[in-house]
Amino acid sequence: MKKMTYVFIFDLDDTLYKEIDFVRSAFTHIDRLLVADYGYTAGVGQMTLSGAFIEGLNPISALVARLEKDGIHIPNAVDWLVSEYRYHIPQISLDDDVYDFLCRLDKDDIDMYIITDGRSVTQRNKIRVLGLDEFIPPSNVYISEDVGVDKTENKAFSEILESYKTEWVNDLVQFIFVGDNPQKDFFVGNSYGFPTVMLSNDGYNIHSQDLNVPRLYKPKFKVKNFSQLYTLLRKGVFDKILSI
């Protein structure tokens, strides 16, 4: 009897790391730039950005207004601040739980991919800083800006599936989709009948996990952490193709 081959396809933001950490990193970076380049009072920029973010306002617009009020006039301020936000080298890291899980998959010779929406430079900066390229080669990373469509489209998924065509057709490979956002992360995997797994929001996710969505958008499994996910994998829960 031939052994089942697993392939994991991950979302990035709020799945492999917390996106709020990227936001905080960007706010800190901008605050430091304002201090260094314009002599602005340390902490005020970060406080303004964070306050607007918490209130659901546009942080960059709020900061520009505060800077103007304080007599700091920056040419093309919005464009500059947005660029610094998007393209700074973030101070983010993997949780031990995630790192241990990826190490276990790597030890088991399980292929891993990332499919993520976003800008190529921004997302690849995150991947490099997080050390994800230790486990997932650049060729296994699909970013919407590079692909040309977002992850709810089939383009990236179909390319991955095509590379395993023989094993897939013969039910010898199981693709497992892991994400956090029911609006985007599970539709394509569900449409193929593959296992889809949602990492439950622990209170720090940027986006809500509203499961009041059509059936094809709902995950088949919910886990609290990657340790629980690995337990399900070892128990063979994902071995069979699942019906929708």
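Modeller: Let's start with aspartate 109, which sits in the loop between helix H5 (96-107) and strand E2 (111-116). Helices (H or I, at least four residues) and strands (E, at least two) are DSSP runs, numbered from the N terminus. Keep in mind that this is a predicted model, where local features need pLDDT of at least 70, side-chain atom pairs count only at pLDDT 80 or more, and totals for chains, interfaces and linings use all residues. Residues are numbered from 1 along each chain as its sequence is written, and side-chain values use heavy atoms, leaving out hydrogens and water.

Biologist: Why is aspartate 109 called exposed?

Modeller: Exposed means over 50% relative accessible area, buried under 20%, partly exposed in between (1.4 Å probe, protein chains only). Aspartate 109 has 69% relative accessibility, so it counts as exposed.

Biologist: And what makes its phi worth a look?

Modeller: Most residues other than glycine have a negative phi. Aspartate 109 isn't a glycine, yet its phi is positive, about 55 degrees. Asparagine 76, also not a glycine, has a positive phi of about 50 degrees. That asparagine 76 lies in the loop between helix H3 (59-69) and helix H4 (77-87).

Biologist: How do you know that the buried residues of H2 line one face?

Modeller: In helix H2 (residues 44-54), the buried ones are Val44, Gly45, Thr48, Leu49 and Ala52. Looking down the axis of H2, they fall within an arc of 130 degrees, so they line one face of the helix. The arc is that of the directions from the helix axis to the C-beta atoms. Met47 and Ile54, both exposed, are on the face turned away from the buried side.
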